[in-house]
Amino acid sequence: QLQKVKNNTTKEQPKKIETGIEIRLDMSENPVKPIYLGIGSNLGNKKRNIENTKSNLLKNNINILECSSYYESLSWPNPKNPKFLNIVVKIKTHLTPLKLIKKCKEIETRLGRKKMPKNSPRVCDIDIIDFKNQRMENDLILPHPRMHTRNFVLLPLFEIDKDWKHPVLKLNIKKLISSLSNSDIRSIKQI
């Protein structure tokens with residue numbers, strides 16, 4: 001929109017609320033940093049468990065903005081356990097990182113996750129992969145400390161954000177995926 005200024009020249013004045021173009025330009029100047037969760041299951045009806053997890057997130061005002069395809073991978077660290085089904089979701093929430101992980105643990109319990117030894121098979125597993133590119137190292141480590149080595153996180157994350165960059169390592173997702181071993185790449189399949 002053109003507006004006359006005192007010295008009789010014209011100057012473009014963006015109106016943030018009046019037109020969609022200016023709103024989009026304003027949003028791109030201050031992009032909202034995303035939050036990503038990894039969701040997995042390797043017990044029971046894995047797909048239904050993940051869909052129930054997504055439904056429970058929504059019921060707790062954790063909005064899902066994007067969702068990857070399903071990826072099937074060997075159980076980690078013991079490939080003899082049942083295979084995992086995993087997805088990554090991009091979410092929006094007003095919860096802090098600590099309140100979000102607490103809510104995720106409540107959802108895991110509600111869906112049937114039991115206290116078991118670390119890395120045991122489970123109905124539901126929810127991890128915060130990245131919370132607005134924040135770095136934390138107290139009660140919760142952000143970004144997820146091993147996400148950059150896991151095919152079942154990197155490939156679904158790449159599917160929904162091809163420009164994501166690791167907030168600590170400062171490497172883009174393409175570089176992280178290319179650093180995976182050939183066996184890691186071959187052992188996962190998109191469903």
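User: Leaving aside neighbours within four places in sequence, which residues is D125 in contact with?

Analyst: This is a predicted model, where local features need pLDDT of at least 70, side-chain atom pairs count only at pLDDT 80 or more, and totals for chains, interfaces and linings use all residues. Residues are numbered from 1 along each chain as its sequence is written, and side-chain values use heavy atoms, with hydrogens and water left out. D125 is found in strand β7, residues 125-131; strands (E, at least two residues) and helices (H or I, at least four) are DSSP runs numbered from the N terminus. With contact meaning heavy atoms within 4.5 Å, the partners of D125 are G38, I39, G40, E108 and R113.

User: Is D125 buried or exposed?

Analyst: Buried means under 20% relative accessible area, exposed over 50%, and partly exposed in between (1.4 Å probe, protein chains only). The relative accessible area of D125 is 12%, so this residue is buried.

User: What is the length of the polar contact between the side chains of D125 and R113?

Analyst: A polar contact is a pair of N or O atoms within 3.5 Å; within protein, one must be able to donate a hydrogen and the other to accept it, and residues adjacent in sequence count only if both atoms are side-chain atoms. For the side chains of D125 and R113, the value is 2.8 Å.

User: Which residues of α4 are buried?

Analyst: Helix α4 spans residues 151-160, and eight of its 10 residues are buried. They are N151, F152, V153, L154, L155, P156, L157 and I160.
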